[in-house]
Amino acid sequence: EEADKAELAGKHDEALSCLLEAVRVGDESEAILSRIGQLFAMKQNPTDALEYFSKAIKLNPLESSNYLHRAECFIALDDPANAFSEFEKYFKLEEVGKNLMVRCGKCALDAEILDKAEYYLKTALSLQEVDEANDAYAWYNLGELAEKRSNDAEAQEYYNNVCAADSSFPQPYLEQAEDEYAAANFSLALHLFEAVAKMIPNNANVYVRLADVYGHLGAEFSTSVLTCLSKAVELSSEPTLYEDTIVRRGVLLFSVFNDVEQAITDFTLCLEGNPQNPSALENRALALRSRNGDGDVAAAVTDYLTLVEQNVSWERKAEPYRFLAVNSFDQGDLPTAAKLFSFASIHGAFSQADELRMYTAIAAQCIRNGANFEEQYEPRGGMQSKDNDKGKKGDQQPKGFPVVSVGYQCIDSFYCQLRDREPTVHN
């Protein structure tokens, strides 16, 4: 009676203590032992629960619920063979519905008792009971069974029936997969995404997510990443997803597999659909520069010229501007090189060679604008004397120094080197 009150109040530990005390003093009945087993099961203690269910069965082997409880304990202990055995004992005593039939078949499948698994799963599907979720689960397990028998075509037929039975069945798998991915449990996320891909094999997004997971599992899974991206490209009908995925595949081919030709092909396929895709322009230019064949530099220049006109960050524009500046410098177009170097310098770091090119181009541009140096200049910051209205000398501020529009910050250091050579009133 005290145990009943405690259990009704949700005080399971207190209820368990009362029942164990009852057994200790000799009140050992099947009902009490079974209740103790259930309370241990509620406390996530399947080992002790199993012990008391077994004692209850010895006292009353015809009480079917204890076999079912033992099956649940064996499932919790990852012992599908014994769980299957307990389900079969229960079935001999009771008529069962679709849910238990499917669970029994799943245990047989996990225990590699394939013929029994097929029997129970197909028997569950033959029952007239309306249960879409269990129908879908039965089809899914039949698909796994066919895979174990190396019958991939039959397996896919079974998987195709999952969503036909219950279109919402994959959703919990997908949600859990995303949760595991967010928690960095990539192995479990992989298992779940693979299950989803079997049930909805024509969904490009699922293969993209599989590629994401494989990418986190290490470089040894690069081929799997490539396979998943290729499948996503094949299935994708949405333009943005297609562009992102084919560029990503191209980057993988270029950077990991060193397949420059196929990488350029992927970037080009993207640009055929969207000639202004920044990632495709940026990466095709890099691949063309790497290949460095006839016309590749000119093609890379064309891609970069298109890229720098796009709405992308200055950090991404720095290298294209630097490359364009060097190309203009090598072509002898120093004014253009000076302008491009000034743009590249905003967010880019230069090598010593590029810095020398930049200052050379800027100096040449300054010299071209030689008229800027024809006036007589005081040293920077000095005062210039000039007759005032009364014929007396007076101090006036010097005229401003005309600087060509290439960015003062770029030529300041170069100008400082030349400052001592400026003509003044003293020389």
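**Exercise 1. Determine whether Asp 303 is buried or exposed, and state which residues surround Asp 303.**

Solution. Asp 303 has a relative accessible area of 3% and is therefore buried (buried means under 20% relative accessible area, exposed over 50%, and partly exposed in between, with a 1.4 Å probe and protein chains only). The residue belongs to helix 18, residues 296-307; helices (H or I, at least four residues) and strands (E, at least two) are DSSP runs, numbered from the N terminus. With neighbours within four places in sequence set aside, Asp 303 is in contact with Leu 281, Arg 284, Ala 285 and Leu 288, where contact means heavy atoms within 4.5 Å.

The model is predicted: local features require pLDDT of at least 70, side-chain atom pairs count only at pLDDT 80 or more, and totals for chains, interfaces and linings use all residues. Residues are numbered from 1 along each chain as its sequence is written, and side-chain values use heavy atoms, with hydrogens and water left out.

**Exercise 2. Describe the setting of Asn 82 in helix 6.**

Solution. Begin with accessibility: at a relative accessible area of 35%, Asn 82 is partly exposed.

**Exercise 3. Characterise the packing of helix 13 and helix 15.**

Solution. Two packed helices are described by the angle between their axes and the distance between the axes. For helix 13 (residues 204-216) and helix 15 (residues 239-255), the angle is about 30 degrees and the axes are 12 Å apart; axes are lines fitted to C-alpha atoms over the stretch in contact, and angles run from 0 to 180 degrees between N-to-C directions. Helix 13 contributes Ala 204, Asn 205, Val 208, Ala 211 and Asp 212 to the contact, and helix 15 contributes Leu 241, Thr 245 and Arg 248.

**Exercise 4. State how many helices and strands the protein has, and what percentage of its residues count as buried.**

Solution. The protein has 22 helices and two strands. Of its 427 residues, 41% count as buried.
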